[in-house]
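Please load the model in your viewer and get your selection tool ready.

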Amino acid sequence: MYPTSLAVIALTFSNYVLQPVFPNCIPPYKASRVLSILCLSLLTWVNSSSVRWATRIQDIFTAGKLLALGLIITVGFVQIFKENYEALIPSNAFSFWMTPTVGHLALAFLQGSFAFSGWNFLNYVTEELVDPRRNLPRAIFISIPLVTFVYTFTNVAYFTAMSPQELLSSNAVAVTFGEKLLGYFSWVMPVSVALSTFGGINGYLFTSSRLCFSGAREGHLPSLLAMIHVKHCTPIPALLVGCLATVVIMLVGDTYTLINYVSFINYLCYGVTIIGMLVLRWRKPHIFRPIKVNLLVPITYLIFWAFLLIFSLYSEPVVCGIGLIIILTGVPVFFIGVYWKNKPKCVNRITEYVTHWGQKFCFVVYPQKGSLEDDLPFTDYPSQEVRRP
């Protein structure tokens, strides 16, 4: 899920950076991939060097993103006040040249949902969050309405300058919007989107590395991924794995197909997670729950979830089927790496050698109480031998 999302955002970043250089065509394949990999490598280095740097970059670029989107929305409202909203009139907005099927509508929701992905990122770094019982719900209650408002009115603004056909044919919608309405200042749009996606890549790297770190700590991934740098306290092995996986996916897929892959996989995993929550509420109703929601919320979501998945699978069986196959590749890895306890000694020796080599290469150890800064939480590993580089 995360490497695919990272690949999509990195390709979007390179597309908007290169669009002014290639105004009349799609940027070359090699150029966009090289620039995406450079951006990804730079942010992997930043996240490996300092947790504080990574969070500062996130704060700065998130603020820049909201300012850029605020500019688009403001220009859109000015257009509406000037009565330039032909594309928003229902007779024009819904004048389809083809009648959409239910499957097409499901895919449209699936594609649109990609813009909202990220609402759950803070859940993955709750150990590094100050007072998560208070701040986590507060952050979600603020961010989801804010993102919904910004995303909706940004698209409304686009339609004040472009028809649906123009929007679909544009290689970079914000660039086309800027060229039509901002005149000399049209350069603001590609710069703003590039900054926005740059911050998005940073956020995905930050959270995905913590996800790998946590999984490895629980024994679901190689133990090397549960280690942090002895000085910087950053999960360098987990960051490198995410970066390399993203590069591989970036080289084998295009943006549209990757969005379908990741949206289908995301919704499948979200639904299974919510089903697990309902099962726990039924089987263990009396356990302490610091954050608890009314059951109507997850049940309503599951109904919508089933609609999306069933009709998306019906409409795009190949793309969704490949997404399922990608998930199922984890099954043999789980049985070999986690479920199989009594492995031959040769396998254990190879694992120990790779772990030891990885520790030397990345200069990492398990987090130890009192020996490292408190950027990441202390975790005890009584069954593991700690090798210091």
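Before selecting anything, a word on residue classes: Ala, Val, Leu, Ile, Met, Phe, Trp, Tyr, Cys and Pro count as nonpolar, Asp, Glu, Lys and Arg as charged, and the others, Gly among them, as polar. This is a predicted model, in which local features need pLDDT of at least 70 and side-chain atom pairs pLDDT 80 or more, while totals for chains, interfaces and linings use all residues. Residues are numbered from 1 along each chain as its sequence is written, and side-chain values use heavy atoms, with hydrogens and water left out.

The structure has 2 cavities of 30 Å³ or more. A cavity here is a set of points, on a 1 Å grid over the protein atoms alone, where a 1.4 Å probe fits but cannot get out; lining residues have an atom within 4 Å of a point. Points are joined across faces, edges and corners, and the volume is the space filled by probe spheres set on them.

**First stop.** Select Met1, Tyr2, Ser5, Ser117, Asn120, Phe121, Tyr124, Tyr204, Asn266 and Tyr270, which line the largest cavity. Two or more of its lining residues come from each of α1 (2-18) and α11 (255-283); helices are DSSP runs (H or I, at least four residues) numbered from the N terminus. About 60 Å³ of space lies inside, and the lining has 6 nonpolar, 4 polar and no charged residues.

**Second stop.** Now pick Ile73, Gly76, Phe77, Ile80, Phe153, Val156 and Ala157, the lining of the second largest cavity. Here α3 (51-81) and α6 (132-159) each give two or more residues, with the largest share, 4 residues, from α3. The volume of this second largest cavity is about 30 Å³. What classes make up its lining? Colour by class to find 6 nonpolar, 1 polar and no charged residues.

Conventions
1 Å grid on protein atoms, 1.4 Å probe; cavity = no way out; pocket = protein on both sides within 12 Å on 5 of 7 lines; lining within 4 Å.
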